[in-house]
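Student: Could you please walk me through this one?

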Amino acid sequence: MVAVFTVLAAAVGVILGGFVSRAAYALPRGEYKQILFPKCPHCGRDLPAKYSIPVLGSVLSLRCPLCGEDQGGRALISEIVLGAAFALLFLVYGGTYLFFEYACLAAVLLLLSLIDLDIHEILHSLLLVILVLGVMTFVFSFFSFSLSGTVWWEHLVGAFVISLPLFFVMMFTGGIGGGDVKLMFCLGLLLGYKLTLVTFLFGIVIAALVAVILRVFCGKGAKYQLALVPFLSLGAMIALLVGDKLIAALF
Ligand SMILES: [Zn+2]
């Protein structure tokens, strides 16, 4: 039975992943129609209806039929990533409230990541979704309804444990974006301080590794700006999937 529901969770993730990929293009540009009726991001022309079908549409749109531009498989990657995330979250959390909360978080983080990669911006409306989830979790734990076994102050400490130091880094060096600080505040409130530390540790280490690899392959003079949101999101997923086991093994 678990296998059936895991496949179902993956299927929902795949379908939602396609919408997320299109929303990442549509939301910052205010072109909401394109979430349902995809357009080519390069030539801006409407794609035929079959391009809305999950997976098939993404495979077809690897290359735009109208302008021939290579789309880099972004829609397909988005579908695979969210499908895998939903399946793994279901395996860890089962059909609980936490699964739905974290699945929602995974979809929003993917959307934030794609937009950050695209235009280096973090949409406040999307951060608000994570903040609302965080406030709900905090209130639940405050009245002892905690579903994840955390207590209210762990969420409060989580909100500041990374965001506050990052805020000072931002003020004094400018090396970090305000959006990243806000994201870590919202994530911290939702996850509690332990998982927030795991999130940031993995996020920063993976980002540093990728930065080194980019430097080796693109050369010292190459100009690139590393978007931090995809790495923090990956860190958050690692924290949600294996964070508790890691903490238990280490402490
Ligand atoms: Zn095109």
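**How the helices pack**

Tutor: Helix H6 and helix H9 are roughly parallel to each other (an angle under 35 degrees; over 145 is roughly antiparallel, 65 to 115 roughly perpendicular, and the rest oblique). Please note that this is a predicted model, where local features need pLDDT of at least 70 and side-chain atom pairs count only at pLDDT 80 or more, while totals for chains, interfaces and linings use all residues. Residues are numbered from 1 along each chain as its sequence is written.

Student: At what angle do H6 and H9 cross, and how close do their axes come?

Tutor: The axes of H6, residues 152-161, and H9, residues 193-218, cross at roughly 25° and come within 7 Å (axes are lines fitted to C-alpha atoms over the stretch in contact, and angles run from 0 to 180 degrees between N-to-C directions).

Student: Which residues make the contact?

Tutor: On H6 they are Glu 154, Val 157, Gly 158 and Val 161, and on H9 they are Tyr 193, Lys 194, Thr 196 and Leu 197 (contact: C-beta atoms, placed from the backbone, within 7 Å).

Student: And how do the residues of that contact divide by class?

Tutor: The contact of H6 with H9 has four nonpolar, two polar and two charged residues (Ala, Val, Leu, Ile, Met, Phe, Trp, Tyr, Cys and Pro are nonpolar; Asp, Glu, Lys and Arg charged; the others, Gly among them, polar).

Student: What about H8 against H9, how do their axes cross?

Tutor: H8, residues 178-191, has an axis that comes within 7 Å of that of H9, and the two cross at roughly 135°. H8 is therefore oblique to H9.

Student: Which residues of H8 and H9 are involved there?

Tutor: H8 contributes Met 184, Leu 187, Gly 188 and Leu 191. From H9 come Tyr 193, Leu 195, Thr 196, Thr 199 and Phe 200. By class, the contact of H8 with H9 holds six nonpolar, three polar and no charged residues.

Student: Let us change topic: into which domains is the protein divided?

Tutor: There is domain 1, covering 1-95, and domain 2, covering 122-251 (bounds from an automatic or database assignment). Their C-alpha centres lie 25 Å apart. Six residues from domain 1 and four residues from domain 2 take part in the contact.

Student: Which helices supply the side of domain 1 that touches domain 2?

Tutor: Helix H1 (2-29) and helix H3 (74-93) each supply at least two residues of that side. The largest share, four residues, comes from H3. The residues of this side of domain 1 are six nonpolar, no polar and no charged.

Technical notes: Two residues are in contact if their C-beta atoms, placed from the backbone, lie within 7 Å.
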